[in-house]
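Here is a short note to read alongside the structure. Please keep the sequence open while going through the points.

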Amino acid sequence: MSIGHTLLGLLESGPRHGYDLKRAFDEKFGHDRPLHYGQVYSTMSRLLKNGLVEVDGVESGGGPERKRYAITDAGITDVATWLAQPEKPEPYLQSTLYTKVVLAMLTGRNAGDVLDAQRSEHLRLMRILTDRKRHGDLADQLICDHALFHLEADLRWLELTAARLGQLQKVVTA
Amino acid sequence: MTPAGSLLAAHDLRKTYGSTPALDGASFSVHPGEVVAVMGPSGSGKSTLLHCLAGIITPDSGTITYDGRELSAMSDADRSALRRSDFGFVFQFGQLVPELTCVENVALPLRLNGTRRKDAERTALAWMERLEVEDIGGKRPGEVSGGQGQRVAVARALAASPKVIFADEPTGALDSLNGERVMQLLTEAARSANVAVVLVTHEARVAAYSDRDVTVRDGRARDLEHAV
């Protein structure tokens, strides 16, 4: 995820302090991975340097100075360009699992066991995500669904490969 | 051999249709309140396993023990009575009685067990409320959506306070959103009532609502977590 673009996007609704930005990011997108303060301030320095944000005001209280950041017109254009740009789909062509299955066959091990172990691990994670979905809000549900659909696709591949092990064995050991 | 604490257990089941083996040494167990998914490719024998466990068909060999009783030692009449009193069923297409209203459908298992109509419908309505379909009680199955019909079927399965629910592809005819909701309501209701669920599905996202899964391949059931 591009933290810079996400923070810029959050600034479009109005100026915020670095702390507020971190909180908004964590609430909406952080879930398992909250931002470190250091990440926020280093990202804001870079955006400032590139003219995508500007300092809207500085508050000085008892502690350190607190800068309030505002997005610039160039920043708004940058967010729009990023949103309009489709993400590159993962090609999924480098499969560790495929390698393991073939190596198991080449070394006389049971390739079906490799697939079964993976299947079990995938389902275990799917159960955890389903449980989280059950107790979570809409954001949790959508994020977990994204992961669940991907895991389900993997499982379909595992099933299909399990059904083709005999064929593959002939090719691999030919 | 019955795993300790299990409510329903099958050992080394074999069943052949003509010359085709449907089950070839399948074993299975489920504990009270546990949701177990039975997975496997089409034709692997998972529906045959479910039908054997529910006493709908008799295996050629092997044992099925329910609550300490051997199913094959029971008469047909006793097995039918057991299905009515202790088992609930949900199929892919609700299989509701089209001539009855939804509330009458849900009340049906209770009526068959001798409950008075008023009491049966009161219990039925409470389950329909739980399944979020209380407002369609007066409609006939043909007048409700697929998702609503399936929730009515789940309410019917739960109405007579069964100890085991057998669900065969319960979301197979539903879209993702409705399927998810049905699974959520079914598993929540079953767990809170300590009802065991045997869930046959080929969809991993549906199986993810279970506590454990058993894979059937070529008529053999493999329980990876309990494998020895």
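1. In this model, 12 residues of chain A are in contact with 9 residues of chain B; two residues are in contact if their C-beta atoms, placed from the backbone, lie within 7 Å. The model is predicted: local features need pLDDT of at least 70 and side-chain atom pairs count only at pLDDT 80 or more, while totals for chains, interfaces and linings use all residues. Residues are numbered from 1 along each chain as its sequence is written, and chains are lettered from A and ligands numbered from 1 in the order in which they are written.

2. On the chain A side, α6 (111-135) and α7 (138-163) are the elements that give two or more residues. Helices (H or I, at least four residues) and strands (E, at least two) are DSSP runs, numbered from the N terminus. The largest share, 7 residues, comes from α6(A).

3. Helix α6(A) also packs against α5 (residues 96-106) of chain A, at an angle of about 150° and with the axes 8 Å apart. Axes are lines fitted to C-alpha atoms, for helices over the stretch in contact, and angles run from 0 to 180 degrees between N-to-C directions. The two helices are therefore roughly antiparallel (an angle over 145 degrees). Residues L97(A), K100(A), V101(A), A104(A) and M105(A) of α5(A) meet A111(A), V114(A), L115(A) and Q118(A) of α6(A).

4. Chain B has 7 helices and 10 strands. Its C-alpha trace spans about 50 × 40 × 35 Å along the principal axes. Of the contacts in chain B with a separation of 6 or more, 72% are between residues 24 or more positions apart.

Technical notes. Parallel < 35°, antiparallel > 145°, perpendicular 65-115°, else oblique.
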